[in-house]
Amino acid sequence: MQIGKVVGSIVSTQKDESLVGKKLMIVKIINSDEQESDREEVAVDTVGAGIGEYVLLTRGSAARNIFPNGVNAIDASIVGIIDSFEK
Amino acid sequence: MQIGKVVGSIVSTQKDESLVGKKLMIVKIINSDEQESDREEVAVDTVGAGIGEYVLLTRGSAARNIFPNGVNAIDASIVGIIDSFEK
Amino acid sequence: MQIGKVVGSIVSTQKDESLVGKKLMIVKIINSDEQESDREEVAVDTVGAGIGEYVLLTRGSAARNIFPNGVNAIDASIVGIIDSFEK
Amino acid sequence: MQIGKVVGSIVSTQKDESLVGKKLMIVKIINSDEQESDREEVAVDTVGAGIGEYVLLTRGSAARNIFPNGVNAIDASIVGIIDSFEK
Amino acid sequence: MQIGKVVGSIVSTQKDESLVGKKLMIVKIINSDEQESDREEVAVDTVGAGIGEYVLLTRGSAARNIFPNGVNAIDASIVGIIDSFEK
């Protein structure tokens with residue numbers, strides 16, 4: 001997983017049926033020093049994350065096999081809200 | 001998923017039979033500030049995307065398991081047309 | 001796999017149920033000359049790794065299929081503690 | 001998929017049995033402006049690609065599940081010869 | 001697959017049981033001009049590769065499904081020894 005910061009969301013009317021009703025958030029990859037990279041992912045939110053929150057981002061088949069029917073177009077999901085880093 | 005911009009298409013006569021009849025689009029990865037990266041993907045279009053449109057690009061097994069028979073050569077698909085970003 | 005150094009941990013209350021009870025460590029990717037990259041992963045610890053230790057990091061479906069029920073949100077795991085490099 | 005240019009081939013006597021009899025080509029990743037990146041993949045040729053040709057490169061499980069028995073060591077395959085780009 | 005050069009090995013006592021008895025080699029990614037990148041992988045050796053040899057490195061599920069029981073922690077394997085490049 002990677003540490004991300006939610007910076008926005010996507011509005012998409014025409015999309016794969018497996019994405020209908022899902023919240024698509026724009027997540028910027030950051031590190032544990034809160035430095036932003038220039039990499040973004042569009043991830044399905046599964047935990048009610050809001051703009052500005054730090055989240056756990058998972059990718060690949062892990063991102064879609066947490067949904068009841070794994071046959072979907074998802075390759076990135078928000079799977080946790082980060083309360084704090086301990087270093 | 002990543003945000004992409006459709007910049008062209010590919011003509012290929014000799015190809016894996018699973019790609020026959022599929023539209024192969026050239027997608028440039030961008031971010032939500034509409035800055036282009038230097039990364040391109042050739043993706044199968046599933047939503048009728050046109051040149052210049054902003055799209056959702058999915059990769060890996062997600063890109064091919066949305067097709068009826070998952071036994072194919074696809075590792076990248078366009079799965080949504082982006083209407084707008086909310087930030 | 002990649003060589004990593006454990007640099008911290010993540011506290012997350014609200015998360016996918018498959019992550020409940022798992023130790024989520026922040027791992028910085030390093031090379032065999034012990035030079036740090038700027039890449040970090042949040043990985044599930046399976047071997048009792050502590051802060052500062054050098055570890056083996058596995059990613060993708062390998063990271064989650066080592067758990068009894070492969071239906072989970074995990075895409076990175078610590079699967080070994082490195083005693084030494086031989087070069 | 002990515003756009004590649006075939007720049008050579010690999011001779012390997014001692015290899016996983018799933019690679020025996022397969023043509024292993026060296027493919028340099030390029031973009032649709034024909035600029036070369038510094039990234040190379042060794043890919044199994046499935047379409048009779050020759051040195052200097054532009055090809056479609058697929059990676060990951062897509063690259064190996066197009067073979068009759070998916071239990072093999074392949075993570076990159078050439079799955080099309082590119083006739084032209086339309087931009 | 002990528003071209004790699006074996007530069008060392010890893011000693012790890014405490015590790016996932018699926019890695020017990022496996023040779024874990026440090027592989028530096030190179031290109032066909034024998035230029036080294038700064039990327040390393042720790043890969044399971046399946047072909048008896050020695051330090052200094054050029055090898056074929058496969059990653060992802062391909063790296064682990066070549067083992068009798070695919071339920072293991074492996075995401076990178078050495079699957080061939082390179083005799084020569086033809087360019």
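Chain A and chain E don't touch: no contact joins them, and their closest C-alpha atoms sit 11 Å apart. (Here, two residues are in contact if their C-beta atoms, placed from the backbone, lie within 7 Å.) Chain C and chain D are another pair without a contact, again with 11 Å between their closest C-alpha atoms. Keep in mind that this is a predicted model, in which local features need pLDDT of at least 70 and side-chain atom pairs count only at pLDDT 80 or more, while totals for chains, interfaces and linings use all residues. As for labels, residues are numbered from 1 along each chain as its sequence is written, and chains are lettered from A and ligands numbered from 1 in the order in which they are written.

**Confidence**

- The predictor puts the complex at an ipTM of 0.95 and a pTM of 0.97.
- Chain A has a mean pLDDT of 96, with 100% of its residues at 70 or more; pLDDT is the predictor's confidence in each residue, from 0 to 100.

**How the copies relate**

- Two copies of a chain are related by a rotation about an axis and a shift along it.

**Where A meets C**

- Chain A puts 24 residues into this contact and chain C puts in 26 residues.
- On the chain A side, strand 1 (2-11), strand 4 (54-59), helix 1 (61-65), strand 5 (76-81) and strand 6 (84-86) are the elements that give two or more residues. Helices (H or I, at least four residues) and strands (E, at least two) are DSSP runs, numbered from the N terminus.
- That side of chain A splits into ten nonpolar, ten polar and four charged residues. Ala, Val, Leu, Ile, Met, Phe, Trp, Tyr, Cys and Pro count as nonpolar, Asp, Glu, Lys and Arg as charged, and the others, Gly among them, as polar.
- Strand 6 of chain A runs antiparallel to strand 1 (residues 2-11) of chain C, joined by three bridges; two strands pair if DSSP finds at least two bridges between them. A:Ser84 has C:Val11 as its bridge partner in strand 1 of chain C.

**Where A meets B**

- This contact takes 25 residues from chain A and 24 residues from chain B.
- Strand 1, strand 3 (36-45) and helix 1 of chain A each bring at least two residues to the side facing chain B. Strand 1 of chain A has the largest share, at five residues.
- By class, this side of chain A has ten nonpolar, nine polar and six charged residues.
- Strand 1 of chain A is held to strand 6 (residues 84-86) of chain B by three bridges, in an antiparallel arrangement. In that strand of chain B, B:Phe85 stands opposite A:Ile10.

**Strand 1 of chain B and its partners**

- Inside its own chain, strand 1 (residues 2-11) of chain B runs antiparallel to strand 4 (residues 54-59), with four bridges. B:Lys5 is partnered by B:Tyr54 in strand 4 of chain B.
- Strand 2 (residues 24-30) of chain B pairs with strand 1 of chain B as well, antiparallel and over five bridges. B:Gly4 faces B:Ile29 in strand 2 of chain B.
- Across to another chain, strand 1 of chain B and strand 6 (residues 84-86) of chain D pair antiparallel over three bridges. B:Val11 has D:Ser84 as its bridge partner there.

**Strand 3 of chain D and its partners**

- Six bridges link strand 2 (residues 24-30) and strand 3 (residues 36-45) of chain D, which run antiparallel. D:Ile30 stands opposite D:Glu36 in strand 3 of chain D.
- These two strands of chain D form a hairpin with five residues between them, and D:Glu34 in the turn has a positive phi of about 65°.
- Strand 3 of chain D runs parallel to strand 5 (residues 76-81) of chain D, joined by two bridges. D:Asp45 has D:Ile78 as its bridge partner in strand 5 of chain D.
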